[in-house]
Amino acid sequence: MNHAAAAPAGSLGPELSGEAVRAHWRLAWLSTVDHKRIGILYLLFAFLFFVIGGLEALFIRLQLAVPNNTLVGPDTFNALFTMHGTTMIFLVAMPALFGLANYFVPLMIGARDMAFPRLNALSVWLIPLGAALLHFSIFTGMPKVGWFAYAPLSETPYNPELGVEYWILALIVLGIGSVATAVNLIATVLCLRAPGMTLRRVPLFVWINFVNSFIVVFALPVLNAGLVMLLLDRQFGTSFFLDREGGSAVLWQHIFWAFGHPEVYILALPAFAIVSEVVPVFSRKPIFGYEFVALSSVAIALLSFAVWAHHMFTIGLGRAADTFFVIASMLIAIPTGVKVLNWTATMFRGRIRLTVAMKYAIAFVIQFTLGGLSGVTHASAALDWQTKNSYYLVAHFHYVAVGGVVFAVLAGLEYWFPKISGRMLSERLGNWTFWLMTVGFNATFGIQHVLGFVGMPRRVYTYPDFTHWGWMNLVSTVGACLMAAAGLVLAYNLLRSLRRGTSAGDNPWQGWTLEWATSSPPPAHNFVALPPLRSRRPLWDSAHPEQPDPPVGPSGPLLIPDRGKTSVWTLIASEAAFFGTLLFAFIYLNLSPHSGREAAFSLDLKMTGIFSLFLFSSSFTLWRAEAAEARGHRAGTLGWLGLTIGLGVVFLAGQAMEYVLLYREGAVLQSKLFWSSFYLVTGFHGFHVFAGLIALLIVFGLIAGGRFAGRRSPLVAIGLYWHFVDIVWVFVLATVYFLPRFL
Amino acid sequence: MNLNRLLLEGWSANPWVLGGCSVFTLLFARAFGTRARWRWLIAALAVVVLALLSPLAALADGVLFSAHMTQHILLLLIAPGLLLLALPRAFTLRVAHPLARRLPLLGWAAGIGAMWFWHAPALCNAAAVSGPVRALQTLSLLALGTLFWWPILAPAERDRLLPGHGVAYLFTACLGCSALGMILTLTPVEICSVYQAPLAASQPWADFRGLFSAQHDRQIGGLLMWIPMCSVYVAAIMLELSRWHGAPAAAEELSS
């Protein structure tokens, strides 16, 4: 079915005017479920926090401008760099990239909206909630632990103020929002493509964001698992990451970087995605080696999970581990280098149009390559020992995060702003921004490579007047001020263009992908009609019928998976990552010499076994309920479903009984590392059983109310989740109840 | 600890292995003749020889856990994959089609199960000291590895998983062996105490124990299972996707 042709006309037509429009305008942005407005909201939030995070950076640089400066004190300085890092990653880079993906992925695949518009609205509004939680710490004492909050510094004895709690809560909220966005993007790409838009024909922007969503789905839950453990440590007196009772601060580093390294690619891949659209359009050539860009993105995504330990060379993992991670980390340079080759080969012999967007893209390629190369030097453990936590490291990751990610976002903004607003940005002002930004950025961070090599450590609030340190820091600060000026010109350019920019028309850059096949800004329903889709550049084919691109793959009806099942499977993947982390932590903490062996023997296996049987049989009864529904037996469905819910309740009651008995025996959350991790794993499993029960109850109520008369209910999709929590229990039983007895 | 001597004299001529390889090659030649892709078969046999007869096998014989793990990976992951690539292009089995497409879990469980099963402490130790158990282990690794690779590397396309499912199959397999690898690398758990126990005086390569400390030896074993093994799966994922992109008549969708 062609979504566009069947969609109703826009709701906000020209017949509405004056007061009605204004009223609509006011409410519409709060209650919107339109992917385009949500995309814009993402971008606006990102811009707001870019200003805040940028001001924090400016204060950092002003404090360091001259030796022995006293503009801000050490505590404020610590709070500034913590807030700056957290803000820029979670409240600027991710929202900006998600915003562009939200706006353009549905347009590029010819869809009407995202797969789950209301979930989409939830994701975007979780950003201000998370931001409010983070900034509430202003009233309680800001977190001063750095963006990676290394334990034990982030533990209560060393940071008793509540700022760390707000930091944790903010990150949990933002993590949940990000996973929801990723689930939504995956379901959108798989289930909402227009006829002819096979997965081999989607623009690289769509493909890379699709691949990236899988990293989000697997990586963010790992962080959330670590965060809840840190929160338990701080609020409930457990000691997962504290040395007493055999907890391990190194475990926090493992968990954090198992998330943190993929996070680098969560930011970098969408940047690659933007550049892979901008470079071909302004080189007037199709991308060189589409397949190589597509496949290298998958390789980067996969490898990103296997190399986190290169952030931990200095904690003493041992020579063996270091060697393996050095090699694996250097491997990532290969697929990344492939991409750089693809972009340059695309530009080679192209008719390059040096628009501002293209300039940002070219600067991206150069600066990202530099950041990547200094990254490879860090992958060498021996060199890393010397330069770790020096300004050389700061320079490296800012070349990736600013020279790479921010420049790519700016390229995307210049490229797509005409589509979003219907108006062109001023190229003259854009050039001012570009040159201020490029000179400012390279001045700020280029010289920090040298500062690092002469020994300046990061995160010091001031420094003595060593030879050359003063002027180099001053250069860096002047560069930062140039970047701030660039930001002001950019803001002026955006506002000026919104008021009196020239009209953009549908396709100002002669782009080839579907977002340019509709008006600027697109109507609420996105498309009136779509051009035929046979290749990767449908608009080129329409404009040049005499020499169209060779068709990619055969054209047949698309095989579209079920939307509900796709999203539940994706959710299950992220939950599996969460439980995987918890179980890994359990093993890590309990297989040490201080094993919980004796404690494990005081668990009542017989009782647990009986209650487990109840849980496992609920999977059987649910399967019968699904079968009854397939045959159209409503009473049978309700009966089996009711039985399933009953069995689940019995299991939870059994778990509650177990907890009560254990608490009476003195096996409380804080008493021993074994019990802390026992309650952590079983508690979260119980919580997920509870959530599954609620979902089943809702389906039960809806079926009983006749909501799905004649149609299939979402029972099968929801049921997948229920089967999943049952399977998790198998792993919990094996790991928590049995394993400690044998090792 | 003389490395040159090990490389020269560490080879063994186990008649069972040589006989098995010869019989297998003869049977293979009889069944497929010139249709077989012999280069791959030679590679597979070379890997088997490397794993079972080379100095590596000498060190895996109770001396070094890391050598044992290398042997294990070669037999489970490398040799069976090469063997499947050696089959003629149109080769298929009547049972193989439903096996791959309807029961991919079976192949997956075979591959991952073999890794976990043979590293249960009792079995790992038994395989290191007892000849028959070792033979059983070797054969089962080769067989289970073949079962694992079938849905990915079967010669006929209809026996293989759809590309998207294949990617999920390989990615989860990578997680499955990484989990064990991480535990071995990052925790002090001991699963093969044989590699710690004193060696018999008759063991000619006993002094190679000194190459690594016990902890490093175990860590290297875990890391081998974690990083290089996953690299093989990642390479296979690249193969899946490039096949999907490359062949014009290939399955149009990643999954259905």
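**Close-up views of a predicted model**

View 1. Residues are numbered from 1 along each chain as its sequence is written, chains are lettered from A and ligands numbered from 1 in the order written, and side-chain values use heavy atoms, without hydrogens and water. Over all chains there are 78 aromatic pairs (rings of Phe, Tyr and Trp, the last by its six-membered ring, with centres within 6.5 Å; planes under 30 degrees apart are stacked, over 60 edge-to-face, the rest tilted). One of them is the edge-to-face pair of A:Phe325 and B:Trp226, with 5.1 Å centre to centre and 75° between the planes. The pair joins two chains, because A:Phe325 lies in helix H10 (residues 319–347) of chain A and B:Trp226 in helix H11 (residues 214–246) of chain B. Helices are DSSP runs of H or I with at least four residues, strands runs of E with at least two, numbered from the N terminus.

**View 2. An aromatic pair within chain A.** The ring centres of A:Phe586 and A:Phe674 are 5.8 Å apart and the planes stand at 65°, so this pair is edge-to-face. It links distant parts of the chain, 88 residues apart: A:Phe586 is in helix H17 (residues 563–590) and A:Phe674 in helix H21 (residues 673–704), both of chain A. Both residues are buried. Ring pairs also tie them into a cluster, whose members include A:Tyr663, A:Trp675, A:Trp729 and A:Tyr737.

**View 3. Helix H22 of chain A.** The 28 residues of this helix (residues 715–742) should span 40 Å at 1.5 Å a residue, and the end C-alpha atoms are 40 Å apart, which agrees (the expected span is 1.5 Å times one less than the number of residues). H22(A) bends by about 30° at A:Thr735 (the angle between axes fitted to the seven residues ending there and the seven starting there).

View 4. Apart from neighbours within four places in sequence, A:Asn120 is in contact (heavy atoms within 4.5 Å) with A:His35, A:Ile38, A:Asn102, A:Met114 and A:Asn184.

Terms used
Predicted model: local features only at pLDDT ≥ 70, side-chain atom pairs only at ≥ 80, totals over all residues. Buried < 20%, exposed > 50% of the residue type's maximum accessible area, 1.4 Å probe, protein only.
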